Amino acid sequence: MRLEGKIALITGAGAGIGEATALLFAKEGAKVIVADRDFENAKKVADQIGENAFAIAADVAKSSDVEAMVKAGAEHFGGLDILVNNAGFGTLGTVVTLEEDLWDSVIDVNLKGVFLCSKFAIPELIRRGGGSIVNLASTISVVGIPDRAAYVAAKGGVAALTRAMALDHANEGIRVNSVAPGVINSSYYDKMFKEVEDPVAFKKGLEARSPLNKMGEPIDIANMILFLASDESTFSTGAMFTIDGGYTAR
């Protein structure tokens, strides 16, 4: 029960890493605000948890949605202690091939979403005496990868923003860290599998990125998010924790 008495908001919690994190947090005693752009997905996860979950739909790229999400969640449970900025998506494309509106969308969801959720959540954390924010960065926050220009830029921004927030809010009792997943077997890749000509070969290529020759699972990332959200990591802030099966060790 490492999160007993804590209230957590998790974005993109309707599937993948977000879903695994929501279920794990609830198992560890937290009350969980399950946020997703698709309310049905959020409700599906919340229903698995039961009375200690509150499902809500929100687009993290829209200020009005985020403000309403934070307010409703905090009012429902009586506050907020933990924010997990997990919502995100990626797409194929170079700076030449990407359409401007798709570039904007990737940046808005992955980077602006962290800004907006933190902007409205931090005052709630302060009211509870501080708390923990965990941002989902990526291994490509520190290394490049071909044909993912917008996503690489967004996740690099998340890693940098994490450091800035950690310094800005340390004196308010708020710790801010990021987790950098490698290739994880989650809904993030569903769209990409549909876009490529040979999905089987594409998946094998993803697996081969890791010296372990496999994709990680959402629970692998959820376990690290739990550590950073809990009091076990009270001396960690401004750091990025990489869970990538050895990809960046090469």
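Student: Is Arg 127 buried or exposed?
Tutor: In this predicted model, Arg 127 is exposed, with a relative accessible area of 62%.

Student: And which residue does Arg 127 form a salt bridge with?
Tutor: The partner of Arg 127 is Glu 124, and the closest N and O atoms of the two are 2.9 Å apart. Both residues belong to helix α4, where they sit three residues apart, about one turn of the helix. Glu 124, however, is buried, its relative accessible area being 18%, which falls under the 20% that marks a buried residue.

Student: How many salt bridges does the count come to?
Tutor: The count comes to five salt bridges. One of them joins the side chains of Arg 2 and Glu 232, at 3.7 Å from N to O. Arg 2 lies in the segment before β1 (7-10) and Glu 232 in the loop between α8 and β7 (240-243), so this pair ties together parts that are 230 residues apart in sequence.

Student: What about Arg 128, which residue does it form a salt bridge with?
Tutor: Arg 128 forms a salt bridge with Asp 81, and their closest N and O atoms are 2.8 Å apart. Arg 128 lies in the loop between α4 and β5, while Asp 81 lies in the loop between α3 (63-77) and β4 (82-85), so the pair ties together parts that are 47 residues apart in sequence. Arg 128 counts as partly exposed at 36% relative accessibility, whereas Asp 81 counts as buried at 8%.

Student: Switching topic, how many aromatic pairs turn up in the whole structure?
Tutor: A search of the whole structure gives one aromatic pair. It consists of Phe 193 and Phe 202, whose ring centres are 5.6 Å apart and whose planes stand at 85°, so the pair is edge-to-face. Phe 202 is buried, with a relative accessible area of 17%.

Student: Which residues gather in a patch of negative charge on the surface?
Tutor: Glu 99, Glu 100, Asp 101 and Asp 104 gather in that patch. Glu 100 is found in helix α4, which covers residues 100-127, and this residue is exposed, with a relative accessible area of 62%.

Note on methods
Residues numbered from 1 in each chain as written. Predicted model: local features only at pLDDT ≥ 70, side-chain atom pairs only at ≥ 80, totals over all residues. Heavy atoms only, no water. Patch = residues over 30% accessible without salt bridge, like charges linked within 9 Å, V, L, I, M, F, W, Y side chains within 5 Å. Areas by Shrake-Rupley, 256 points an atom, 1.4 Å probe, with all protein chains shown as cover. Salt bridge = Lys/Arg side-chain N within 4 Å of Asp/Glu carboxyl O. Lys, Arg positive; Asp, Glu negative; His and termini not counted. Charge placed at Lys NZ, Arg CZ, Asp CG, Glu CD. Helix = DSSP H or I, 4+ residues; strand = E, 2+ residues; numbered from the N terminus. Buried < 20%, exposed > 50% of the residue type's maximum accessible area, 1.4 Å probe, protein only. Phe/Tyr/Trp six-rings, centres within 6.5 Å; stacked < 30°, edge-to-face > 60°.
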